[in-house]
Amino acid sequence: MRTLDYLEFEDRLRGGIVTATRQQRAALREQGVDVVESPWRADDPVRSLGTAFAGMGYFEEYDVAHCNTIGPGSLAVARHAKREGIPLVLHAHTTGEDFAESFRYSEAAIPALKRYLKRFYAQADVVLCPSDYTRRVLESYPVEAPIRTVSNGVDVESLKGYESFREETRERFDLEGMVVFSVGEVFERKGLSTFCRLAEETDYDFAWFGHYETGPAASEEVRTWTQNPPENVTFTGFVDDKRMAFGAGDVYCFPTKNENQGIAVLEAMATGKPVVIRDIPVFDEFFEDGHDCLKCETRAEFREALDRLADDPALRERLGANARETANEHSLARVGERLVDVYEALLNEETPPEQ
């Protein structure tokens, strides 16, 4: 089986969508699938005009087309697949709901985005999404295509050796004591204001490892908090190795307002960190309060959870151990098996089975 796994603008994107796509590719290769990363014969849509004129074709050859973004290149791949009878998988990493509070003026774009997503995803032979929550969101638009759930998974191997980064990273960013941390793009949707106000109300060091916008795309909240953070908050910006974050941090705090799954939560769990998350519907599918995490609704509850973890090493250890087990349930082996099942069903002209 030769499968296209395409992430448009891959060299310019950051965050969970990049991690998810690269984990798909690793999972598929573990299953023996021949993965093509670019749909273009010459690896570029402009250069491929030359191969087309030379009679060598514009598109690469593949049995299944799997697109992870919603831009013009993905739209071109989708139309090519429909013309040629190639099974088309569109992965719903983007919804109007999770676009909210991400960039300046993102709220104003949501109605138009939802209309576009409804049409874009409807082209698919199957739409994949990382959670049943996201599936319900898409069904509410409604998206008129079969929708199936496949976990983004977690690449445990990519986190090995995180402990060795602890001292160097803590020294670099002047972090001491129990460090409360988050990982990923800095957005208000991900609970930025809650994170910073928690820091103002406690004595712990807080660190957010991840890129943040500084130009015109930055939201007012991002600009305000990153330019004038509380004294005990460090915004590291982009770091070359995510293991720095998981080595330096002690409690993963993620007061996000909306997620399609939350890969960084699974990564924190894979490293055995106690996790404190907002009690939102998507997390009910994967995590259990008091077993592998602590769930909170209000800032007071978040503050109480952090204090409990600071005062109770046994609780930190128990939550972390259970969190590792939860992360193991989202192994790349399982992701690969599920994706192959979906592809094989489509190649046999069948609707992919439910998980």
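Visitor: How many helices and strands does the secondary structure of the protein come to?

Guide: This is a predicted model, in which local features need pLDDT of at least 70 and side-chain atom pairs count only at pLDDT 80 or more, while totals for chains, interfaces and linings use all residues. Residues are numbered from 1 along each chain as its sequence is written, and side-chain values use heavy atoms, with hydrogens and water left out. Helices (H or I, at least four residues) and strands (E, at least two) are taken as DSSP runs and numbered from the N terminus. On that basis the secondary structure comes to 15 helices and 12 strands.

Visitor: What is the radius of gyration of the protein, and why does it count as compact?

Guide: The radius of gyration is taken over C-alpha atoms, and the globule rule is 2.2 Å times the number of residues to the power 0.38. For 355 residues that rule gives 20 Å, and the protein is close to this, so it is as compact as a globular protein of that length, with a radius of gyration of 21 Å.

Visitor: What share of the 355 residues in the protein do buried residues make up?

Guide: A residue is called buried under 20% relative accessible area, exposed over 50% and partly exposed in between, with a 1.4 Å probe and protein chains only. By that cut-off, the buried share of the 355 residues is 57%.

Visitor: Which strands pair with β1?

Guide: Two strands are said to pair if DSSP finds at least two bridges between them. In β1, 4 of the 5 residues are buried, so this strand is largely enclosed by the rest of the structure. Leu4 has Val36 of β2 as its bridge partner and Thr3 has Val64 of β3, and the parallel pairings of β1 are made over 3 bridges with β2 and over 4 bridges with β3.

Visitor: Which residue of β11 stands opposite Cys253?

Guide: Cys253 belongs to β10 (residues 251-254), where Val251 and Cys253 point one way, Tyr252 and Phe254 point the other way, and all are buried. Strand β10 pairs in the parallel sense with β7 (residues 179-183) over 2 bridges, and there Phe181 stands opposite Tyr252. With β11 (residues 275-278), β10 pairs in the parallel sense over 3 bridges, and β10, α11 and β11 make a right-handed β-α-β unit. In β11, the residue opposite Cys253 is Val276.

Visitor: What do the buried residues of α14 pack against?

Guide: Helix α14 (residues 313-328) has 16 residues and reaches 23 Å from its first C-alpha to its last, close to the 22 Å expected at 1.5 Å a residue, where the expected span is 1.5 Å times one less than the number of residues. Its buried residues include Leu315, Leu319 and Ala323. The buried residues of α14 pack against α11 (263-270), β12 (294-296) and α13 (299-311).

Visitor: Which residues does Arg14 touch, not counting those up to four places away in sequence?

Guide: Arg14 has its place in the loop between β1 (2-6) and α1 (16-30), and at 35% relative accessibility it counts as partly exposed. Contact means heavy atoms within 4.5 Å. With residues up to four places away left out, Arg14 touches Glu185, His211 and Glu213.

Visitor: Where is the residue Glu349, and is it buried or exposed?

Guide: Glu349 has a positive phi of about 60° although it is not a glycine. Most residues other than glycine have a negative phi, and most peptide bonds are trans. Glu349 lies in the segment after α15 (332-347), and with a relative accessible area of 76% Glu349 is exposed.

Visitor: What is the omega of the cis peptide bond that joins Tyr141 and Pro142?

Guide: Pro142 has its place in the loop between α6 (132-140) and β6 (147-149). The bond joining Tyr141 and Pro142 is a cis peptide bond, and its omega is about -5°.

Key. A crossover is right-handed if, with the strands pointing away from the viewer, the path from the first strand over the helix to the second runs clockwise.
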